[in-house]
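Please open the structure in your viewer and keep the selection panel at hand. The tour below goes from one selection to the next and says what is found at each stop.

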Amino acid sequence: MNTMNPAVTSEADMPEETIAPVDEDKPAETLVEEGKTVGDPFSENPKFKLRNVEVFYGQDRAIKNISLDIGRNEVIAFIGPSGCGKSTFLRCLNRMNDSIDICRVKGQLSIDDHDIYDPKRDVVELRARVGMVFQKPNPFPKSIYDNVAYGPRIHGLANRKSDLDEIVENSLRKAGLWDEVKDRLDAVATGMSGGQQQRLCIARAIAVSPEVILMDEPCSALDPIATAKVEELISEMSESYTIVIVTHSMQQAARVSHRTAYFHLGHLVEVNETTKVFTAPEHELTESYITGRFG
Amino acid sequence: MQTANLLPLVLVLAVVAYGLAYMRSRAVAAPLGGIRNLKALPFYYATRAALWCAIPALLVLAAWAGFEGKVIQGIVIASLPQDVWPESPGEASLILSQISNVAAGKLNPDFVPDYIVGAASVLETMDNQSANFKAALVLLVAVSGAAFAWTRVAPHINARLNVETTLRRIFFVCAALAVLTTAGIVFSVILETIRFFGRVPISDFLFSTSWSPQTALRADQVGSEGAFGVIPLFTGTLLISAIALLVAVPVGLLSAIYLSEYASKRVRSTAKPVLEMLAGIPTVVYGFFAALTVAPFIRDLAEMVGLEASSQSALAAGLVMGIMIVPFVSSLSDDVINAVPQAMRDGSLALGATQSETMKKVIFPAALPGIIGGILLAASRAIGETMIVVMAAGLAANLTANPLESVTTVTVQIATLLVGDQEFDSAKTLSAFALGMLLFIVTLLLNVVALKIVRKYREQYD
């Protein structure tokens, strides 16, 4: 079973001195026990309660029996090597996996004690509460104003034009974009810089006043200055929103998050306070990852 | 030797030149230490030799074939005794056809004057000589071209640049051919149209409301005055095309949306080819379907609700034509809708938009240019369609907006005007060119307007 696993083979290919503290005769897979997560995956006041979550793509099991709580108004970072399932897991939280035909989700997932995958549940209402920002900025090819007003319009959040103007202005202000674009709200959004586009996408998500914002590697397509602005924004937003952020940058996870979850090959290996994860990781896989031995 | 034999021969020579130059370039390269010391790969030296061999030879061949007929005719005519020299081009062509018929053995030499028989033998010798000279010249040019290229296989000469330049010119000539053909067609249609307007005033043509294209053989003939007003034809065309588009655009667009956004992969992979098959059915088949099934059905239906309908109606033709052009709209729209990036859908869905809201507000505006393109293609098919209209809507040029009556279209009239034996100097036949010209202008304007609309409303994703 392990022979098919890319992470394992790549590790075996590594030169002698960079091999992880993991013993050569003991591949990474055997170090994780399914469903056993070290650290503290549960929280006293959870926004999301996720129990025994499994995700299948056709026959492949991409998420293997993960249980986790995500606290109210906390920023939690998902880290782990590519293909470890952190984005897949994130997309379960607002059912974005629904649009993939072969994807099936098992387990109990609830937000404020309401089942997310209840067949009778209105996914529109769920997504209005759980906003999302994607890896690559994806503004609509409309004006800046229309981009931000898109969500409020489809949810009927504004009765008058002036209400809508106010929502747009507030969202852009919160996203730190207002001063840059207030004179050209009619300009096409795709003409902005990558960093501005990503902040516009954040403003667009904020405009529907969600309770949770999911961010899937929001800075991976941005330059360092734009990244710094988005990170600052995340810190500010953490006062009013629950934020789940997937990131490849461990510095970013360390800077913005309260808790960090380390994923490996579909397992949730370790969850702890961010400072603890980065200073004294409990699991040896976490340690090898954050010290850059693989990933 | 015949041109038909020369052509393959030149190509064979070109292949030989290719092979020889290829071998020579390797031979040249060998003492230098391999082909890396050549300025270009052996392939380029070889291709250049082949091009040098084929292109000048083919040009000579084309030029010779183009001019030999005229030159030989001139010589043959000049060989006739002075007293039978033709006085007009018509007479000349008559004599020439007699001569060539005798030469080809189709006409018994006993039935024609002696001077024709003499000229026929002149023609025969000239033809033979011309063919021999042509073959010799073409082969000479081909061989010397190849020989020249052979001498230029040298390590310091960059054949790659020559080949690239030549290929670029060949591509340009191909593109220019298409453009020139279009220009030629337009030009010839314009000339004939001007001739037509010499006989029928342009104001009559554009503004008169009756169409009855005939010209008198005798002055006292009944109904000798033709009427050439295009208005009934254009209203007929517009009526039928509008009905067709009213069917095709909603059906095509909605089925494209279903196929691209809602249907499962399995449904899509079978439904799309089946839908596209509609475009492959010959229009004649649609025509009798319209004439034998749809038109009577519409007439009966109209009678049932107490309306008067003729057995050939614009509605029948339009409906069937609409079905025919559904795939133009649906297939193209489906492709452009699929080309809208998934990120746009995700962005919209993640904000809590439903699938139909996403479609309406994000995907449709982004796909608009392609969708309009599909509709335009469908519209030009509808405007240009002839067979269905002939069979289902009739030939009567009624000026009406009632879809239950029989109407006719511009293309149908062009077809009927030119069917059978016609003289090409009467107003009746010339009017076909004027109709064609007008149709061309109308479709062109339609395209320009649609392009402007698209440019104004499209939302461009990168």
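How many residues does the contact take from chain B, and how many from chain A? In this predicted model, the contact draws on 22 residues of chain A and on 19 residues of chain B.

Begin with chain B, on the side that touches chain A, and select α11 (342–350) and α12 (355–384), which are the elements of chain B that give two or more residues to that side. The most is given by α11(B), which contributes six residues to the side of chain B that touches chain A. If you then colour this side by class, you will find nine nonpolar residues, together with five polar and five charged ones.

Stay with chain B and select residues 3–157, which make up domain 1, and then residues 227–457, which make up domain 2. Between the C-alpha centres of domain 1 and domain 2 of chain B there is a separation of 49 Å.

Now turn to chain A and show its strands, where an open sheet of four strands runs in the order β3-β2-β5-β6 with antiparallel pairing. The edges of this sheet are β3 (60–71) and β6 (114–115) of chain A, each of which pairs on one side only. In general, the strands of a sheet are joined through backbone hydrogen bonds, in a parallel or an antiparallel manner.

Methods
Residues are numbered from 1 along each chain as its sequence is written. Chains are lettered from A and ligands numbered from 1 in the order in which they are written. This is a predicted model: local features need pLDDT of at least 70, side-chain atom pairs count only at pLDDT 80 or more; totals for chains, interfaces and linings use all residues. Two residues are in contact if their C-beta atoms, placed from the backbone, lie within 7 Å. Ala, Val, Leu, Ile, Met, Phe, Trp, Tyr, Cys and Pro count as nonpolar, Asp, Glu, Lys and Arg as charged, and the others, Gly among them, as polar. Two strands pair if DSSP finds at least two bridges between them. Domain bounds come from an automatic or database domain assignment.
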